[in-house]
Amino acid sequence: MKRKITMRQCVKAFSFFCMSFILTCVFFSCVTPPQREECSRELLGTGIKGKNELIAFFVSHSPACDKEKVSRLADYYIEESAIEGINSDVAFVQMCLETGFLGFGNLVLPEMNNFCGLGAMDAEHPGEYFESEQIGVRAHIQHLQAYATTADVELHQECVDPRYSWPHKAKLAHTVHELTGSWATDPEYGIKLDRLLSELSNF
């Protein structure tokens with residue numbers, strides 16, 4: 001025998017459905033999605049990405065990379081950048097761009113520990129050699145510091161960048177975009193760094 005549903009029961013059931021729907025909408029509208037923090041394009045400052053995030057970003061571009069080396073470099077970039085007040089996010093992605101994610105392949109060879117193309121101009125001037133990975137990273141950071149500051153701002157460590165004094169004779173660079181035409185002749189140099197920083201922001 002079928003049970004007869006009254007109009008009152010229908011109204012009650014419909015009211016319950018509507019109330020549940022409204023409460024669900026209110027709940028989800030109150031949940032704020034996490035905001036992505038954008039990496040700064042400024043040369044001076046503090047990077048927002050930690051070691052694991054830098055490694056994950058690198059591996060996303062080069063899955064077959066030497067992860068132990070990338071891990072060491074991430075440590076060095078964070079450490080050396082903090083000492084000189086350089087944005088480690090900018091320095092790390094610049095290393096990625098300059099070395100083709102450690103693929104090298106141009107004038108600079110992996111054993112040179114030259115991670116930013118320092119002094120690399122032609123076959124007779126393939127670039128500077130550095131005794132270790134950390135010293136090579138330090139030279140890179142010091143070169144960025146030279147671009148981002150005036151000559152009266154002193155380094156906090158002994159200078160290992162043989163070309164440190166040269167940028168002080170050129171225009172100051174406050175952001176990655178201002179490195180175009182001064183650090184590199186590529187007219188899209190700053191744009192490329194900007195794109196990499198946007199990608200890094202997602203990690």
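E133 is buried, with a relative accessible area of 15%. Buried here means under 20% relative accessible area, exposed means over 50%, and partly exposed lies in between (1.4 Å probe, protein chains only). The model is predicted: local features need pLDDT of at least 70, side-chain atom pairs count only at pLDDT 80 or more, and totals for chains, interfaces and linings use all residues. Residues are numbered from 1 along each chain as its sequence is written, and side-chain values use heavy atoms, with hydrogens and water left out.

E133 is found in helix α5. Helices (H or I, at least four residues) and strands (E, at least two) are DSSP runs, numbered from the N terminus. The E133 side chain makes a polar contact with the side chain of R72, at 2.8 Å. A polar contact is a pair of N or O atoms within 3.5 Å; within protein, one must be able to donate a hydrogen and the other to accept it, and residues adjacent in sequence count only if both atoms are side-chain atoms. Neighbours within four places in sequence aside, E133 is in contact (heavy atoms within 4.5 Å) with K69, R72, L73, Y76, N113 and F115.

N113 itself sits in the loop between α4 and α5. N113 is buried, at a relative accessible area of 11%. Its phi is near 55°, a positive value in a residue other than glycine. L102 is placed in the loop between α4 (88-99) and α5 (133-148). L102 also has a positive phi, of about 65°, although it is not a glycine. L102 is buried, with a relative accessible area of 18%.

The D75 side chain makes a polar contact with the side chain of K51, at 3.1 Å. The two residues are 24 apart in sequence, and their C-alpha atoms are 6.3 Å apart in space. D75 is partly exposed, with a relative accessible area of 35%.

Aromatic rings were examined next. Rings of Phe, Tyr and Trp (its six-membered ring) pair if their centres lie within 6.5 Å; planes under 30 degrees apart count as stacked, over 60 as edge-to-face and the rest as tilted. By this rule the count is 7 aromatic pairs. F57 and F203 form an edge-to-face pair, because their ring centres are 6.0 Å apart and their planes stand at 80°. F57 lies in helix α2 (residues 51-61) and F203 in the segment after α6 (189-200), so this pair ties together parts 146 residues apart in sequence. F57 is buried, at 0% relative accessibility. F203 is partly exposed, with a relative accessible area of 33%.

The rings of Y77 and F92 are also edge-to-face, with centres 5.9 Å apart and planes at 90°. Y77 lies in helix α3 and F92 in helix α4, so the pair ties together parts 15 residues apart in sequence. Both Y77 and F92 are buried. Ring pairs link F57, F58, Y77, F92, F101 and F203 into a cluster.

A search of the whole structure finds 0 disulfides (pairs of cysteine sulfur atoms within 2.5 Å). C65 is in no disulfide; the nearest cysteine sulfur, that of C96, is 9.7 Å away. C65 counts as buried, at 14% relative accessibility. C159 is partly exposed, with a relative accessible area of 36%.
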